[in-house]
Amino acid sequence: MIPWIQVYSNLPQHKKTSRLAEELKISSAVVDPNMVAVGILIGLWTWAIQNAYDGDLSECSARTIANACQWKKKPETLVTALKKTGWLDDDMRLHDWEEYAVLLIDQEENRKAKTRDRVNRYRSKKAASCNVTQCATCNVTDTLCNAPTVPNLTKPDQLFSGGGDDARARASEEISDFAAGRDMDPSLYFGVTPEIRAEVEAFTNAAFSRFAKRQPTENDDAQAFMALYSSREDPGTGNWIMTIPRDNKDLLLYAFEAASNAGKPGDWRYINGVLSKLRQRGIRTLQEAEDYDAGRTDDGF
């Protein structure tokens, strides 16, 4: 969800807006100076939503504030004018910011609290040296995303074992279905096996049960497959080997949780956006994601 703030309809006619336009000596032959002043204010406020959600600009330089407003003249002139006209308090806090951004502040405080709790739980689990592949009593429900129980797919599981040729045929058909749904030839997925398909299906079912409260569709299976799989060619044999790495599962659960917290449960546009951001930041493990979140919390952003 894109953060937003309230803007009153009388802002262009407000006396403080007029005073700001006068202090900055704004003039234009094609637009009212007050409207230019409104643009400066809204530019500052929308920048603060992303960079100083509590309205405290005391750590920001005059140039940073000017850049936020797209002010091209002397930065100190802008800061002085904002203070003189009452838009910026002497302690460098946006005036009455809590009134305009109360929902944003509440949302951010809630996010921080959840992040701290998630990081603490993750570090506690790590300190106990218990993980999903090594501890018989530790499964996906113990991970930071608090997902439901998922079968331990590193060991034989009665749910997906056996079935003979019929089960394999059904699995192959399902692979064809979801690959075709993405306008891709299934043969392009080198190394895919019925076991991989079953693993993806089990994971997707569990994730949607926990975070979306619905059954996944074929498209959901396809999306999860694209986010989870990893394949490489064996240089010795030339065969393609496909796996579902533990880190990929953890990060996908992290993205599912983020989407759920944002009111977008099971929304692949949001989930893929989270995964894309993680890749851009070079984050490859759940621990790195949690450490990044903890850093943002500590910095107050």
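Leu78 makes contacts, beyond its neighbours within four places in sequence, with Leu24, Ile40, Ile65, Ala66, Cys69 and Trp71. Apart from the core described below for Leu78, there is another core of 27 residues, which includes Phe211, Ala212, Phe225 and Leu278. The model is predicted, and the protein averages a pLDDT of 77, with 70% of the residues scoring at least 70.

**Overall architecture**

- The secondary structure of the protein consists of 11 helices and two strands.
- Read from the N terminus, the order of elements is α-α-α-α-α-α-α-α-β-β-α-α-α.
- The protein has 301 residues, of which 37% count as buried.
- Of the contacts between residues at least 6 apart in sequence, 60% join residues at least 24 apart.

**Nonpolar cores**

- In soluble globular proteins, nonpolar side chains tend to be buried together.
- The largest nonpolar core contains 32 residues, and Leu57, Leu78 and Leu82 have the most contacts inside it.
- Helices H1, H2 (33–51), H3 (62–69) and H4 (75–84) each contribute at least two residues to this core.
- H2 provides the largest share of this core, with nine residues.

- Thr17 lies in helix H1, which spans residues 15–23.
- Thr17 counts as buried because its relative accessibility is 0%.
- Beyond its neighbours within four places in sequence, Thr17 is in contact with Leu11, Pro12, Asn34, Ala37, Val38, Leu41 and Trp87.
- Val30, Val31 and Met35 make up a nonpolar patch on the surface, and together they have about 290 Å² of accessible area.
- Val31 is located in the loop between H1 and H2, and its relative accessible area of 35% makes this residue partly exposed.

**Salt bridges**

- The structure holds six salt bridges; side chains of opposite charge can pair when their charged atoms come close.
- Glu23 and Lys84 form one of them, with their closest N and O atoms 3.4 Å apart.
- This pair links distant parts of the chain, since Glu23 belongs to helix H1 and Lys84 to helix H4, 61 residues apart.
- Glu23 is partly exposed at a relative accessible area of 30%, and Lys84 is likewise partly exposed, at 49% relative accessibility.
- Asp56 and Arg93 meet through their side chains in a salt bridge with an N to O distance of 3.7 Å.
- Here too, distant parts of the chain are linked: Asp56 is in the loop between H2 and H3, and Arg93 is in the loop between H4 and helix H5 (97–127), 37 residues apart.
- Asp56 counts as partly exposed at 26% relative accessibility, and Arg93 counts as partly exposed at 26%.
- The side chains of Arg214 and Asp220 form a salt bridge at 2.8 Å, N to O.
- Within that pair, Arg214 is partly exposed, with a relative accessible area of 32%, whereas Asp220 is buried, with a relative accessible area of 3%.

**Confidence**

- Confidence is highest in H4, at a mean of 96, and lowest in helix H6 (residues 164–181), at 54.
- Over residues 132–163 pLDDT stays under 50, and the model has 58 contacts beyond four places in sequence for this stretch.
- Over residues 179–188 pLDDT also stays under 50, and the model has 11 contacts beyond four places in sequence there.
- Where pLDDT is low, the predicted coordinates should not be read in detail.

How values were computed. Residues numbered from 1 in each chain as written. Predicted model: local features only at pLDDT ≥ 70, side-chain atom pairs only at ≥ 80, totals over all residues. Heavy atoms only, no water. Helix = DSSP H or I, 4+ residues; strand = E, 2+ residues; numbered from the N terminus. Buried < 20%, exposed > 50% of the residue type's maximum accessible area, 1.4 Å probe, protein only. Contact = heavy atoms within 4.5 Å. Core = buried A, V, L, I, M, F, W, Y, C linked by side-chain atoms within 4.5 Å. Patch = residues over 30% accessible without salt bridge, like charges linked within 9 Å, V, L, I, M, F, W, Y side chains within 5 Å. Areas by Shrake-Rupley, 256 points an atom, 1.4 Å probe, with all protein chains shown as cover. Salt bridge = Lys/Arg side-chain N within 4 Å of Asp/Glu carboxyl O. pLDDT = per-residue confidence, 0-100.
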